Amino acid sequence: VATLMAELDSPKPPLLLERTLLLFLKARDRETISGDLLEEYREEKLPTLGHARANFWYFRQVISFVVTQWKEGELMKQLLTLTCFFTVAAGVWLAVMENLLRHPGYGERTAVAVFIALQSLATLLVIFLDSRFELRTVVMLGSIAAALFGVTAIFRTAQAAHFEG
Amino acid sequence: LKESRTGNLALAIWTDSCLQCRQMADLLGAFEQAVLLVLVKLADQAYGRAILRQVQLSLGRDVAAGAVYATLDRLEKKGLVSSFVETGTPVRGGRSRRYYQVAAAGVQALNDSKSALEALWQGTKWPLSWQN
């Protein structure tokens, strides 16, 4: 209890910065790296720089982790993974709905929806399992094709007689 | 025959330069070398905060923590460094410490980098002087 009370009374960097730091660290590094920075903050920066400048130092360190993650591609990887999961779900949902409603031309639209879902699945495979050049090239070409489908769909929707949004 | 000899010579030069390129590509970057040398210096005291401070001292400039940890992570993935976790102290809120050690491959990489750099400079007068 005494240790816990001492920890509660000890100076800490701003909570928002600590939370942001944890967000950008890998699970295995969260405790160790945040501990290193806390140790430096309490033992070195706070006594020598004062509260405001020590907090600014901590802010700079957090930014350095954000920048590093961006450079290493980790942020992009997470964003791409999230987008791919969403696209797979959307593709499956669209294909199922098209087949339930069966409006004219549903076959083609189902094929497009399935293609987009498969394309996203392939991208997920490249992210997590395989990064061979051949598969990456196929996935990249598929992505370009999917993007062309998307752009065409936007133009066709905008020019349609009955604009449905 | 003359053409064949020229071809062989060109092939030999090309192969040699490719080998050199590959060796250069395998070399450690300056920052990676700085981090590895700090690990050697700190020995069994090499944990995150100590490494960060020592790297700053070695390079004589402020270094962002993110850059040091990213380098340590990369070196560990390459198998040049290994790490283990130990319990933390109260000053760090009880959070554990990760200690780093240079692996045998890391020592080899440091030696190779130094040898390659020395070989590269061999026969060149130092310091270089610029002449217009």
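In chain B of this predicted model, residues 24 or more positions apart account for 50% of the contacts with a separation of 6 or more. The chain has 132 residues, and 32% of them count as buried.

Two places in the backbone of chain B can be picked out. B:Ala43 sits in the loop between helix 2 (30-42) and helix 3, and has a positive phi of about 50° although it is not a glycine. With a relative accessible area of 42%, B:Ala43 is partly exposed. Further along, the peptide bond from B:Trp126 to B:Pro127 is cis, with omega near 0°. B:Pro127 belongs to the segment after helix 5 (104-121) of chain B.

Chain A also has a residue other than glycine with a positive phi: A:Arg102, at a value near 50°. This residue lies in the loop between helix 5 (74-101) and helix 6 (106-128) of chain A. A:Arg102 is exposed, with a relative accessible area of 51%.

The two chains meet in a contact that takes 26 residues from chain B and 24 residues from chain A. Together they bury about 2,200 Å², of which 42% is on carbon and sulfur atoms. On the side of chain B, the residues B:Arg49, B:Val91 and B:Arg95 supply 30% of the area buried against chain A, more than any other three residues.

The rule finds 21 residue pairs in polar contact across this interface, counting pairs with both residues at pLDDT 80 or more. The elements of chain B that give two or more residues to the side touching chain A are helix 3 (48-59), helix 4 (65-77) and strand 2 (97-102). Helix 4 gives the most, with 9 residues. By type, the residues on this side of chain B divide into 9 nonpolar, 6 polar and 11 charged.

Salt bridges come next. Over all chains the count is 20, and 13 are found across the interface of chain B and chain A. One of them joins the side chains of A:Lys26 and B:Asp73, at 2.5 Å from N to O. This pair runs from the loop between helix 2 (15-23) and helix 3 (30-49) of chain A to helix 4 of chain B. A:Lys26 counts as partly exposed at 29% relative accessibility, whereas B:Asp73 is buried, with a relative accessible area of 14%. B:Asp73 also meets the side chain of B:Lys77 in a salt bridge, at 3.5 Å from N to O. Both residues lie in helix 4 of chain B, 4 residues apart, about one turn of the helix. B:Lys77 is exposed, with a relative accessible area of 62%.

Another salt bridge links B:Arg92 and A:Glu39, whose closest N and O atoms are 2.7 Å apart. B:Arg92 is in the loop between strand 1 (81-86) and strand 2 of chain B, and A:Glu39 is in helix 3 of chain A. B:Arg92 is buried because its relative accessible area is 0%, under the 20% limit. A:Glu39 is likewise buried, at 2%.

B:Arg49 bridges to A:Glu40, with 2.6 Å from N to O.

Notes
Residues are numbered from 1 along each chain as its sequence is written. Chains are lettered from A and ligands numbered from 1 in the order in which they are written. This is a predicted model: local features need pLDDT of at least 70, side-chain atom pairs count only at pLDDT 80 or more; totals for chains, interfaces and linings use all residues. Side-chain values use heavy atoms; hydrogens and water are left out. Contact means heavy atoms within 4.5 Å. Buried area is the accessible area (1.4 Å probe) that two parts lose on being put together, summed over both. A salt bridge is a side-chain nitrogen of Lys or Arg within 4 Å of a carboxyl oxygen of Asp or Glu. A polar contact is a pair of N or O atoms within 3.5 Å; within protein, one must be able to donate a hydrogen and the other to accept it, and residues adjacent in sequence count only if both atoms are side-chain atoms. Ala, Val, Leu, Ile, Met, Phe, Trp, Tyr, Cys and Pro count as nonpolar, Asp, Glu, Lys and Arg as charged, and the others, Gly among them, as polar. Buried means under 20% relative accessible area, exposed over 50%, partly exposed in between (1.4 Å probe, protein chains only).
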